[in-house]
Amino acid sequence: MAFSKTGKVNGDNTVYELKDNVKRFTLRDLGFIEGKTGVFSLEKSLDPTSPYNANYKFKMKVDKELTGFRMAITTGNGLEKVNIFNNPDTEQSVEQYQFIINDLIDRDVIKRQV
């Protein structure tokens, strides 16, 4: 999957756009890890009770030029994309996802597209 300027996760109606003024140090502060190719990766558990017991994960990658990104919600092992928005049992995971997204918005990494 290629990097793009906009993106969204399965089931979420909101489209997000990568901000033009994203800084490398901001990504590192938020927990992104820079790989050997320069791509920044973030993986966060969506389990509100424990970061180690991940039924679902939020994954986001930003390309090395800081011009494109992609994001997804996956199963705990990270192999399959899932939709947590249509299941009432995943309500807490949705809240955790919104918390992560709001943190990324507050730190000027992404913005909601209007």
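In this predicted model, tyrosine 97 is buried, with a relative accessible area of 0%. The ring of tyrosine 97 is paired with that of phenylalanine 85: the centres lie 5.5 Å apart and the planes stand at 85°, so the pair is edge-to-face. The pair joins distant parts of the chain, since phenylalanine 85 belongs to the loop between β6 and α2 and tyrosine 97 to helix α2, twelve residues apart. Two aromatic pairs are found in the whole structure, and ring pairs link Phe58, Phe85 and Tyr97 into a cluster.

Tyr97 also has a place in the largest nonpolar core. This core has 27 residues, of which Phe58, Met60, Tyr97, Leu104 and Ile110 touch the most other members. Its largest share, six residues, is supplied by α2, while β2, β4, β5, β6 and α2 each provide at least two. Leucine 104 illustrates these contacts: apart from residues up to four places away in sequence, leucine 104 touches Leu30, Phe32, Phe58, Met60, Val109 and Ile110.

The sheet may be considered next. Four strands, in the order β3-β4-β5-β6, form an open sheet with antiparallel pairing. Strands β4 (residues 40–45) and β5 (residues 56–62) are paired in the antiparallel sense over six bridges; serine 41, for example, has lysine 61 in β5 as its bridge partner. Helix α2 (residues 91–106) packs on the sheet and touches β4, β5 and β6, its direction making about 20° with that of β5.

Two further sites involve charged residues. The charged end of arginine 70 sits over the ring of phenylalanine 3, at 4.5 Å from the ring centre. Lysine 19 is located in the loop between β2 (16–18) and α1 (24–29). With a relative accessible area of 21%, lysine 19 is partly exposed. Beyond its neighbours within four places in sequence, lysine 19 is in contact with Lys5, Asp108, Val109, Ile110 and Lys111. Among these partners, Val109 and Ile110 are also touched by leucine 104. Lysine 19 and glycine 68 are separated by 49 residues in sequence, yet their C-alpha atoms are 9.4 Å apart in space.

Terms used:
Residues numbered from 1 in each chain as written. Predicted model: local features only at pLDDT ≥ 70, side-chain atom pairs only at ≥ 80, totals over all residues. Heavy atoms only, no water. Pairing = 2+ DSSP bridges. Contact = heavy atoms within 4.5 Å. Axes fitted to C-alpha atoms, helices over the stretch in contact; angles between N-to-C directions. Buried < 20%, exposed > 50% of the residue type's maximum accessible area, 1.4 Å probe, protein only. Core = buried A, V, L, I, M, F, W, Y, C linked by side-chain atoms within 4.5 Å. Phe/Tyr/Trp six-rings, centres within 6.5 Å; stacked < 30°, edge-to-face > 60°. Lys NZ or Arg CZ within 6 Å of the ring centre and 35° of its normal.
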